Amino acid sequence: MSLRTAQEYRDGLVDGRRVYYQGERVPDVTTHPDLRAAVDHSAHCFSIAADLPDLAVRKDTEIGDHSAFYHLPRTAADLRARGTLIEEVSRRGAGTIVLKEVGSDALFALLRATEGDGLAHARAYFDRCRRDDLALAVAQTDVKGDRSLGPSQQADPDLYLRIVDSDADSITVRGAKTHTSFSANADEIVVLPTRAMGPSDADWAVSFAVPVDTPGLNLYVSPYLAGERDGFGFPISSRHKLLESLTVFDDVRIPRDRVFLDRRPELAGPLAIAFVDYHRFTAINYKLPLLDLLVGAAHLVADANGITRAGHVRDKIARLVAWAETVRGLAELAALRAREGAQGVWLPDPLTVNIAKYTFAHGYHEAAATLVDLAGGLLATGPGVRDWESPGIRPVLEKYYAAAVPAEQRLRILNLVADITARDYGGYQSVLATHAEGSLEAEKMQIARSFDAAPAIDYVRGLAGI
């Protein structure tokens with residue numbers, strides 16, 4: 001199969017999958033009023049191949065043209081090119097991750113961190129994903145129950161996904177994963193372990209891939225950001241949306257050739273971390289257009305309000321620029337410092353990746369607050385689209401909401417700022433900044449693990465004469 005078009009991707013989602021949304025089963029995610037925006041958003045990872053083939057398409061003598069998202073990184077240059085691709089597709093998605101980035105992160109992790117039959121199965125599955133141009137969601141985060149207890153210690157053993165039966169041809173799994181982005185609008189789901197595990201957790205040490213329409217797999221999609229939105233008041237969230245689900249496996253049978261980890265607890269932690277190595281690199285690159293969005297909006301809203309020359313405004317914008325460009329520089333450095341991992345698969349530098357992600361997440365809320373400060377109270381009290389489209393009311397709004405620029409220009413930039421900071425999509429982005437791709441504490445933990453303090457300690461010992 002050659003590269004799929006965006007429409008072929010949409011057509012492939014109509015397969016009888018069991019998706020539940022706001023208390024009802026959804027017969028077709030591509031036509032549902034709330035969910036179709038997410039499908040259109042994810043379609044960018046297919047349409048980019050036609051628009052920018054030099055960036056988004058790779059050639060292979062055996063399988064032919066395939067998506068560059070699935071190009072296995074063998075050099076630092078490969079990772080830098082991947083970062084550029086992720087940044088560009090995120091720019092089309094208004095600074096939000098699109099789809100293929102996440103699944104390919106999981107494939108690279110599987111090729112680095114599995115062994116034996118699991119590695120053989122991962123290689124075959126990787127080839128199939130490239131050949132058939134599949135779009136994959138990743139289910140990693142277990143619901144976890146009591147966080148102070150491990151998988152085998154929970155009162156309910158299903159609070160971590162586990163193997164409940166197996167035979168020569170398959171395993172059967174039960175349990176749930178949460179925060180599963182794209183599950184309702186992907187072709188297949190790759191399941192990864194969420195943490196390190198001990199010998200008593202063997203039944204929970206499992207990884208596999210499964211089509212979304214597999215019997216026993218049920219997706220309960222979050223209603224966050226529900227409802228139709230107009231383009232005037234919600235210029236971004238009316239066109240861009242992600243679907244996250246509680247992903248429930250109710251005794252789902254998985255064929256052996258789709259199993260990558262089968263009761264190997266010693267590999268659960270390394271596989272989880274291997275995914276993080278790539279997924280946080282994806283994160284810092286897909287966040288770059290969001291940084292540009294925040295900086296550009298700060299300039300435009302200050303100009304619209306006529307405050308561009310004020311000293312405090314210049315100071316605030318300078319701090320925004322410094323934060324944004326620090327993250328951008330660290331994203332580039334993570335690729336420059338890349339190194340070869342297991343099976344010849346290269347990985348971005350874990351230390352730099354986690355510093356970059358921490359820097360973004362730690363500064364995001366201050367950046368959003370700065371933008372709110374520059375914009376003013378109209379973020380909450382401004383007019384809506386029905387007022388703006390009313391022939392009798394619009395002239396009043398045009399007269400009284402004009403500032404350094406005409407009222408329409410001012411209101412449109414204010415609505416964009418409100419959409420990304422003050423309304424529910426802004427709250428969504430705030431939660432993503434804190435928790436997506438790992439929490440602040442998780443990033444600090446990886447920074448501590450990745451940093452080799454010995455050279456600095458030896459240097460100080462020498463200066464101190466000890």
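How many bridges join strand β7 to strand β11? I looked and got nine, with β7 (residues 170–181) and β11 (residues 244–255) running antiparallel. Strands here are DSSP runs of E with at least two residues, helices are runs of H or I with at least four, and both are numbered from the N terminus. Two strands pair if DSSP finds at least two bridges between them.

Before going on, I noted that this is a predicted model, where local features need pLDDT of at least 70, side-chain atom pairs count only at pLDDT 80 or more, and totals for chains, interfaces and linings use all residues. Residues are numbered from 1 along each chain as its sequence is written, and side-chain values use heavy atoms, with hydrogens and water left out.

Back to the strands: I found serine 181 opposite glutamate 244 in β11.

Next I traced the open sheet, whose six strands go β2-β1-β10-β11-β7-β6 with mixed pairing. β2 (24–26) and β6 (162–166) are at the edges with a single partner strand each, so one side of each has no neighbour in the sheet.

Then I checked the largest pocket, which holds about 1,400 Å³ of space. A pocket is an open set of points on a 1 Å grid over the protein atoms alone where a 1.4 Å probe fits, with protein on both sides within 12 Å along at least five of seven lines; lining residues have an atom within 4 Å of a point. The volume is the space filled by probe spheres set on the points, which are joined across faces, edges and corners. Of its 44 lining residues, Thr141, His179, His435, Glu437 and Gly438 are the closest to the centre. Helix α8 gives the most to this lining, with eight residues.
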